[in-house]
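Reader: I have a model open and want to learn how to read its features one at a time. Please give the general idea behind each, then the case at hand.

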Amino acid sequence: MSPASLWMTLGAVGGLLTVALGAFGAHGLKGRVDPVLLANWNTAADYLGLHALALLACGLTLLHRPEAGLVNWAGWAFLIGVCLFSGSLFAMTLTGLRQLGMITPIGGVLLILAWALLAVGAARLGSPAP
């Protein structure tokens with residue numbers, strides 16, 4: 001699987017999970033978990049959806065410019081970052097283990113790094129060769 005195909009596929013899966021997990025939070029968890037934890041769940045779903053779109057952007061960029069190595073690195077940072085950030089919030093909500101919140105900032109830092117890599121990688125693209 002090419003990097004472009006990988007990021008577009010994972011972006012689409014992320015979008016699917018965003019809708020499914022968002023609906024589960026709204027309908028399955030409401031009234032069953034502490035409202036603060038439910039807010040964490042909603043934040044996790046929001047970040048998952050946003051970064052699913054970022055993965056799609058990485059894939060589409062690499063589809064047209066496969067040499068954009070920093071964009072590929074951005075994809076990895078987005079993937080790992082959102083797994084740690086959103087994953088820790090989802091797990092914390094389901095288990096009530098607030099210690100899992102210590103993982104969340106690591107994911108957040110990776111997401112910041114991913115956006116920086118995408119910005120630099122996009123700036124280096126310039127215009128395509130004729």
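Reader: Leaving aside neighbours within four places in sequence, which residues is Thr104 in contact with?
Author: Contact means heavy atoms within 4.5 Å. By that criterion Thr104 touches Leu84, Phe85, Ser88 and Leu89, once its neighbours within four places in sequence are set aside. Thr104 belongs to helix α4, residues 104-123; helices (H or I, at least four residues) and strands (E, at least two) are DSSP runs, numbered from the N terminus.

Reader: Is Thr104 buried or exposed?
Author: Buried means under 20% relative accessible area, exposed over 50%, and partly exposed in between, with a 1.4 Å probe and protein chains only. Thr104 has a relative accessible area of 10%, so it is buried.

Reader: What should I know about the source of these values?
Author: This is a predicted model, in which local features need pLDDT of at least 70 and side-chain atom pairs count only at pLDDT 80 or more, while totals for chains, interfaces and linings use all residues. Residues are numbered from 1 along each chain as its sequence is written, and side-chain values use heavy atoms, with hydrogens and water left out.

Reader: How many helices and strands does the protein chain have?
Author: The count is four helices and zero strands, in the order α-α-α-α along the sequence. The C-alpha trace spans about 60 × 25 × 20 Å along its principal axes. Of the 130 residues, 37% count as buried. Among contacts with a separation of 6 or more, 75% are between residues 24 or more positions apart.

Reader: Which residues of helix α1 are buried?
Author: In α1, residues 3-29, they are Ala4, Trp7, Gly11, Gly14, Thr18, Gly25 and Leu29. These buried residues pack against α2 (35-64) and α3 (69-95). Just after α1, Gly31 has a positive phi of about 85 degrees.

Reader: Which residues make the nonpolar surface patch?
Author: Patches are made of residues with over 30% relative accessible area and no salt bridge; like charges are joined within 9 Å, and nonpolar side chains (Val, Leu, Ile, Met, Phe, Trp, Tyr) within 5 Å. Here Val13, Leu16 and Leu17 make a nonpolar patch of about 260 Å²; accessible areas come from the Shrake-Rupley method with a 1.4 Å probe, and for residues only the protein chains shown count as cover. Leu16 lies in helix α1 and, at 56% relative accessibility, counts as exposed.

Reader: How many salt bridges does the structure hold?
Author: Side chains of opposite charge can pair when their charged atoms come close. A salt bridge is a side-chain nitrogen of Lys or Arg within 4 Å of a carboxyl oxygen of Asp or Glu. The structure holds one: Glu67 with Arg65, whose closest N and O atoms are 2.7 Å apart. Glu67 counts as exposed at 52% relative accessibility, whereas Arg65 counts as buried at 17%.

Reader: How many aromatic pairs are found?
Author: A pair of aromatic rings is described by the distance of the centres and the angle of the planes. Rings of Phe, Tyr and Trp (its six-membered ring) pair if their centres lie within 6.5 Å; planes under 30 degrees apart count as stacked, over 60 as edge-to-face and the rest as tilted. The whole structure has five aromatic pairs, and Phe24, Trp41 and Phe90 form one aromatic cluster.
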